[in-house]
Amino acid sequence: MELLRSNLSRVRIPEPTNRIYKDECCISYDTPKSEGGLYVDMNSFLAFGKEFVDWNYEKTGNPVYLHIKATRKLVPEDRPSKKPTLLAIGIEGGFDNNDPDYEQSYEIVILPDYATLPFPSVELPEKVRLAADAVIMSVGAGKKEQIAAWTADTKIVSKHAMELKQLDNGVIVPPSGWKCEKCDKNENLWLNLTDGSILCGRKNWDGTGGNDHAVNHYNVSRYPLAVKLGTITADLEAADVYSYDEDESVVDPLLAQHLQHFGIDFSSLQKTEMTTAERELDQNTNFDWNRIQESGQEVEPLFGPGYTGLVNLGNSCYLAATMQVMFSTRSFCSRYYSDQSLKVAFDTAPADPTVDLNMQLTKLAHGLLSGKYSIPSTKKDDAEDAVQTTLTAKQEGVPPQMFKSVIAAKHPEFSTMRQQDALEFFLHLIDQVERVNTGNPIFDPSRSFKFGIEERLQCPSGKVAYNKRYDYILSLSIPLHRATNKKELEDFQKLKAEKDAKGEELSSNEIVRPRVPLMDCLECFSAPEELHDFYSTALDAKTTATKTAGLTSFPDYLVLHMRKFVLEEGWVPKKLDVYIDVPDTIDISNMRSKGLQRGEELLPDSAVEDVGINANEDIVNQLVSMGFQYLHCQKAAISTSNVGLEEAMNWLLNHMNDPDIDEPIAKAQKSASFIDPSKLETLISFGFDEDTARKALQASDGDIEKATEWIFNPPSGVSNMDTTPSSSGNAVDAALPDGQGKYRLIGLVSHIGTSTHCGHYVAHIYKNGRWVIFNDDKVGVSKNPPLDMGYLYFFERIDA
């Protein structure tokens, strides 16, 4: 006790604003359930597993800890399961997975000798009692983030409800026996509150649900409100009302009146269908992922180093699939596992290791690759009065909560619990990894993905210009006209037309999808294309130039992005239903850029700059009509060289938050200004070469922060490292990894769903001579890897 009293100055009583970690170790995935329990530092409120708490004592000198140990409770097996009523975790009415209950015990531990004092105890100093009670009663930082992200927003009152127009068309809705007016669906039916039509709901991404007749009716009639039949009871607040105009579930305060208009006596109706929110909850708790797990085949589970699953945090499959592939590459494994121990990462981390990307990447790497957490989970067996457990094929896995918090910090999308695009996450991850390794390129694993792209522009005068940029992915269009099964497709279209005429639906085994070879997609990337509205100083006029592209280096790992999501007429996003025939190995040696060739004459330097002075007004006007600001639209057209509307819109969506997005265009066309030598030296000290630093400062008016942003995110079509034409026949970039153009396929991330922001992502990785499926926390031998259904393909250079 005297030892504790002598260290009272190192004990703090947590304040409401303090982040308290008591559910998981900051540098490992140990929890109170682990064999050694968890130690909470009573000064910093960081938690550490038994193996790591000594490190914290060595680093901080903090000696007093609250030791938390969770022991499984013996409870009756017939404990009723709580059904969630809110889209929330850890709050009343939220998710309860009916996991085994644990009983927590506490004690005060004083390092370095692990002197132990019981808690609770009246003999403890009051300060210690208050501090420990506050930690125990608090909601852990990780769980607090999940609750905040998962709790559903309160429904709004529809703006249409109070003055809703209802037609006097004599429609009387019967109390039962409903059927869609357009098809045979008798479930998922919606009553339009304006005209009384009964139509089926939206088709789900997996093919279930309705046939979109209700939403199609709104698109024609513009009647905004509908209520889901089967959810109407005497408790009208539980009825599911949807506003198509506001695109969300809403409250209709006059619902009783609106129902009576169609003769509906809601007091006697019984609930027969789930509401939209309940269905979402049901899918989150009971979804049968076997639908997308290789046609529902049972897979042989795998355990051990490199076969650790990632627990889904809600909608984090995009993160899980991407990180499993990343930690199957030698560059990431070396940087964060074999070449860096947890101890080194912790010793070099700031005071709070939970906010350090290097620490959390190292923690994730050791969690996935050590095999420590790749063990079968347990399940409860039937028992009369006690819990019996057996091992299951499913593993515990590790929850990437701390890593997600760091990598998503301040990002408007990744910080939410919404589904995200795996491509966008990959690029964001690479960007963040490159930033934290600035100045240490040898240790930067992102370099293994980095390569140069050189574009060659030739105008009718015969003169040329070369632009070079860096990238981490090769984004490929899919030329459907090159499908290899055109005869089968023609037969399928005839069959589809016949069945549509008869009102019959196609069975899944009758559907034929285009098959396009991957090499044709790569060929389209290199093929010449016309670039309209190109300003040629050689001709002193706008003209049509020819553009070709090639790679200046072949990276260790080549990531191919298949552009399966396109815009149809009316700017409606659509996913291409197509198969890509991907070989085990590819040779892209012919895609090597040759650079400036003997006999070629360069366009004057200003030609490249003048291309961007005049934006294509057709592109600008179309973007403006979509709600974007005129200046921003001009910059989008300029930065994409007026190539087209889709390219300009993609650029705009990715650069809305640029610090200079609102600056006048003319500002970028000023002549080179004076560069402060001290600022130039500062950027060079960061690890950038002098030419890059000078160009960045010129483009940013001498602002170091903007210059750094410019280097990491240069305008599209402008290279941050080489904005002048190539003057050598050797286009190889010595600063990047390079080699022969032969690659082997090592992994893919596939996507099931109609949009990158819904559905599910799964990774397949080639390991130890076999394909392995990583589906969140389920890891097993892949019987039928969907190699033709990839969204992102990862290739390793054979001579890397």
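1. In this predicted model, strand 6 and strand 11 (residues 248-251) run parallel and are joined by 2 bridges. Within this pair, Ile 156 is placed opposite Val 250 of strand 11.

2. The two strands belong to an open sheet of 6 strands with mixed pairing, ordered 6-11-10-9-7-8. Its edges are strand 6 (156-157) and strand 8 (198-200), each of which pairs on one side only. Helix 5 (residues 213-221) lies across strand 7 (189-192) and strand 8, and makes an angle of about 120° with strand 8.

3. A further open sheet has 5 strands in the order 2-1-3-4-5, with antiparallel pairing. Strand 2 (47-49) and strand 5 (115-119) form the edges, each pairing on one side only. From one strand to the next, the twist averages 30°.

4. Inside that sheet, strand 3 (residues 64-72) and strand 4 (residues 102-110) run antiparallel and are connected by 9 bridges; Ala 70 faces Gln 104 of strand 4. Helix 3 (residues 126-137) lies across strand 1 (38-41), strand 3, strand 4 and strand 5, at about 70° to strand 5.

5. Which residues touch the most other members of the largest nonpolar core? Among its 53 residues, they are Met 323, Met 326, Phe 327, Phe 403, Phe 426, Phe 449 and Phe 794. Helix 8 (residues 317-326) supplies the largest share of this core, 8 residues. Another core lies apart from it, with 40 residues, including Leu 4, Tyr 21, Ile 27 and Leu 111.

6. Beyond its neighbours within four places in sequence, Met 326 contacts Phe 332, Phe 426, Leu 429, Ile 430, Phe 449 and Phe 794.

Definitions and conventions:
Residues numbered from 1 in each chain as written. Predicted model: local features only at pLDDT ≥ 70, side-chain atom pairs only at ≥ 80, totals over all residues. Heavy atoms only, no water. Pairing = 2+ DSSP bridges. Helix = DSSP H or I, 4+ residues; strand = E, 2+ residues; numbered from the N terminus. Contact = heavy atoms within 4.5 Å. Axes fitted to C-alpha atoms, helices over the stretch in contact; angles between N-to-C directions. Core = buried A, V, L, I, M, F, W, Y, C linked by side-chain atoms within 4.5 Å. Buried < 20%, exposed > 50% of the residue type's maximum accessible area, 1.4 Å probe, protein only.
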